[in-house]
Amino acid sequence: MTEAMPQAKTASLGVWIEAGSRHEAKGQEGMAHLWEHMAFKGTTSRDALAIAKELDILGGLSNAFTSREATCFHIRVMDAHFRRAFEALADIALNPVLDREELAREQAVILQEISMVEETPEDKVHEDFWAAAWAEPAIAHPITGTPGSVTAATPKTMQAWRREHYRPDAIAVVATGAVSHEEVVAMAEKTFGRLPAASGPAVRPAGAFTPPKLAVRRESEQNHVILAYPSVGNKSPERFAHTLLATLLGGNMSSRLFQEVREKRGLAYSIYASVNGLADAGIFEIQAAVEPERTGELLAVVRGELAAVAGGAVTAEELDHTREHLKGLLYLGAESTENRMMRLARNILLFGRHIPLEETAAALDNVSLGDLADIAGRAFTEANTGLCILGPTAAIP
């Protein structure tokens, strides 16, 4: 898929593989993320230093990431360097070499990455909460895997997993900016067209969010708190209303929770709300850090705001303000070739089509005050409440 931007002087390319952490079975945890790392350690035609030098010479911005549902290799370059960038990125995505010494080194690097999460309270509380919130193991486990699963990975087990998941029907090549569709198709045919067809295992449904109550005692200056409720998946028509509700509650400086928690009471330096979604399920999350002795006050204030929204307290002015904020972000992002590429790719993977900006803006316009109150009333109940507190006085009230 391509999207030409006539005034652009740069181009962004992404190679997306529908192979993320939810595609890992027991014992394979972290496999997708480990492959993302190994792709930059050398290919059949480039060693690690050659890859680094070439990407630097191109003068662009290159990176990769692994999510729960996909792995993405991406790059943004001047239009004159696009063909060379395409060749380099395709090589990285398709032809990594699993040298045993390099694999051992990268396993050690990822173990350090896991340790960093363990030592960062705002990351640790999220990982602990997410793991407790899902009964399906493929959804619950960390994207990075566990120390045991990462250490246990071998070239043989990694290659077997890759053959199942790096299939032609699971790969999307997406380019935006100063690009020609015909040229991108020709380059993709040359590099990706030789991949043999293969079938992969079915993806297990995420299942229902099971609201956990979790207290994790550890030494830290603050209690780190997540309050969460069921939301919808990224394919749901209700996703626009849920995003509006999250933004209105804790998505910017004028949001209800930011104003009430930080500006009026000084309870937390930051507080935010967001929808953490998969294709078929999601969680409405509110996260903050608070002085331990004020944790109960924080929870009471947040729950009060949630009850008010469920009771219809949101005004037309608030809704319009939040709607314009999100539409502004939508159109501002559209001026970046990279943002445009990311948006196009996600829509292709989720819906199999390009979704015009105007269609998304219209969907935001169609959300009503009644929609927000209805969603809040259904979601923000005691039975639906998930709570995780990590800190020196962590306890579930």
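Leaving aside neighbours within four places in sequence, with which residues is F192 in contact? In this predicted model, F192 is in contact with V15, F86, A90, L94, I171 and V173 once those sequence neighbours are set aside. F192 is also among the residues that touch the most other members of the largest nonpolar core.

**Nonpolar cores**

- The largest nonpolar core holds 43 residues.
- Within this core, the residues touching the most other members are F73, F82, F86, M158 and F192.
- Helix α3, which spans residues 82-94, supplies the largest share of this core, namely eight residues.

- Helix α1 spans residues 31-38 and is mostly covered, with eight of its eight residues buried.
- These buried residues are M31, A32, H33, L34, W35, E36, H37 and M38.
- Among the elements covering the buried residues of α1 are the strands β3 (61-66) and β4 (71-78).
- The cover of α1 also includes the helices α4 (100-118) and α8 (155-165).

**Residue H37**

- H37 is located in helix α1.
- The relative accessible area of H37 is 17%, and because buried means under 20%, H37 counts as buried.
- Apart from its neighbours within four places in sequence, H37 is in contact with E106, V109, I110 and E113.
- H37 and R323 lie 286 residues apart along the chain, and their C-alpha atoms are separated by 38 Å.

**Packing of α11 against α12**

- Two packed helices are described by the angle between their axes and by the distance between those axes.
- Helix α11 (residues 256-264) packs with helix α12 (residues 295-310) at an angle of about 150 degrees, and their axes are 10 Å apart.
- Because angles over 145 degrees count as roughly antiparallel, α11 and α12 are roughly antiparallel to each other.
- The crossing in which α11 passes α12 is right-handed.
- On the α11 side, the residues in this contact are R256, L257, E260 and V261.
- On the α12 side, they are L298, V301, V302, E305, A308 and V309.
- By class, the contact of α11 with α12 has seven nonpolar and three charged residues, and no polar ones.

Definitions and conventions
Residues are numbered from 1 along each chain as its sequence is written. This is a predicted model: local features need pLDDT of at least 70, side-chain atom pairs count only at pLDDT 80 or more; totals for chains, interfaces and linings use all residues. Side-chain values use heavy atoms; hydrogens and water are left out. A nonpolar core is a set of buried Ala, Val, Leu, Ile, Met, Phe, Trp, Tyr and Cys residues joined through side-chain atoms within 4.5 Å. Buried means under 20% relative accessible area, exposed over 50%, partly exposed in between (1.4 Å probe, protein chains only). Helices (H or I, at least four residues) and strands (E, at least two) are DSSP runs, numbered from the N terminus. Contact means heavy atoms within 4.5 Å. Axes are lines fitted to C-alpha atoms, for helices over the stretch in contact, and angles run from 0 to 180 degrees between N-to-C directions. Angles under 35 degrees count as roughly parallel, over 145 as roughly antiparallel, 65 to 115 as roughly perpendicular and the rest as oblique. A crossing is left-handed if the near helix is turned anticlockwise from the far one by less than a right angle, and right-handed if clockwise. Ala, Val, Leu, Ile, Met, Phe, Trp, Tyr, Cys and Pro count as nonpolar, Asp, Glu, Lys and Arg as charged, and the others, Gly among them, as polar.
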